[in-house]
Amino acid sequence: MNSKKETIKYFDLFAGIGGFRTAVESLYSNSLNFKHVAYCEIDKQAREFYSKTQKSNGVQVIEDAKDIKTKKNKKGIQVENFDMLFGGFPCQSFSNVGYRKGMNDERGQLFFNILDIIDFYSPKYFVLENVQKISTINKGGLLEEMKTALEQIGEGYNLHVWDLLASNYGLPQNRRRIFFCGIREDVSDLIELTPPPTIDLAKAKYPTAWHLLEKKDVDTKHFIPTRTRDTVLYKNPKWA
């Protein structure tokens, strides 16, 4: 490790199968090293997949975000100090596919766990993401409340919020996501940051979903289970 580089320790919260981790591992910086110190994921299968594919030997593993030590949960699990928090927090409470109960849903309330974690550990940076439809709940009121909470929590954060489309960044999906990017106020003054530059999907490694598909005999374990098809292939006229 280059001793001249600053090391950014990061905690992968609501880690899934490692989307944020994969992004970090693909970065190269002349001035920064990234060190993975912990991840949290409640789904057992996702956790097993993450541990096998993300080279996470020796990394602290926490199953439930509610078990993490905070000011409100003093007997919880202490996470190793970290500089950056990643979190793709549960989206079912905000998505068109769900019931859109927002903070009235138990999963939606996990946003408050994020606030507690930021308040207790005071990371220099955080990057959070959720579905774009979060911006339409209560005519945008919920998103504004979340932005205010993230700006004012702990020592205060300069916040940047972007609505990004996956197909503008090399992925063959029309999938929009809201990203919350925070920088602790004492680390940097508020500056104007433009959204990440887009790329030409036609020049990407996988310009269409077809390029990702297996072309020969496919193991049946990759098929959509019969009962699941009724959900994922159902064309709801409101959002299909």
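Reading burial and ring contacts in a predicted model

Analyst: At 12% relative accessibility, Leu159 counts as buried, because buried means under 20% relative accessible area, with exposed over 50% and partly exposed in between (1.4 Å probe, protein chains only). This is a predicted model, in which local features need pLDDT of at least 70 and side-chain atom pairs count only at pLDDT 80 or more, while totals for chains, interfaces and linings use all residues. Residues are numbered from 1 along each chain as its sequence is written, and side-chain values use heavy atoms, with hydrogens and water left out.

User: Where is Leu159 placed, and which residues is Leu159 in contact with, leaving aside its neighbours within four places in sequence?

Analyst: Strands are DSSP runs of E (at least two residues), numbered from the N terminus. Leu159 belongs to strand 6 (residues 157-165). Contact means heavy atoms within 4.5 Å. Apart from neighbours within four places in sequence, Leu159 touches Phe126, Lys147, Leu150, Glu151, Phe180, Cys181 and Gly182. Leu159 and Cys181 lie 5.7 Å apart, C-alpha to C-alpha, with 22 residues of sequence separation.

User: How many aromatic pairs are there?

Analyst: Rings of Phe, Tyr and Trp (its six-membered ring) pair if their centres lie within 6.5 Å; planes under 30 degrees apart are stacked, over 60 edge-to-face and the rest tilted. The count is eight aromatic pairs. Tyr10 and Phe86 form an edge-to-face pair, at 5.6 Å centre to centre and 70° between the planes. Tyr10 is in strand 1 (residues 6-13) and Phe86 in strand 4 (residues 84-87), so the pair ties together parts 76 residues apart in sequence. Both Tyr10 and Phe86 are buried.

Notes. Helices (H or I, at least four residues) and strands (E, at least two) are DSSP runs, numbered from the N terminus.
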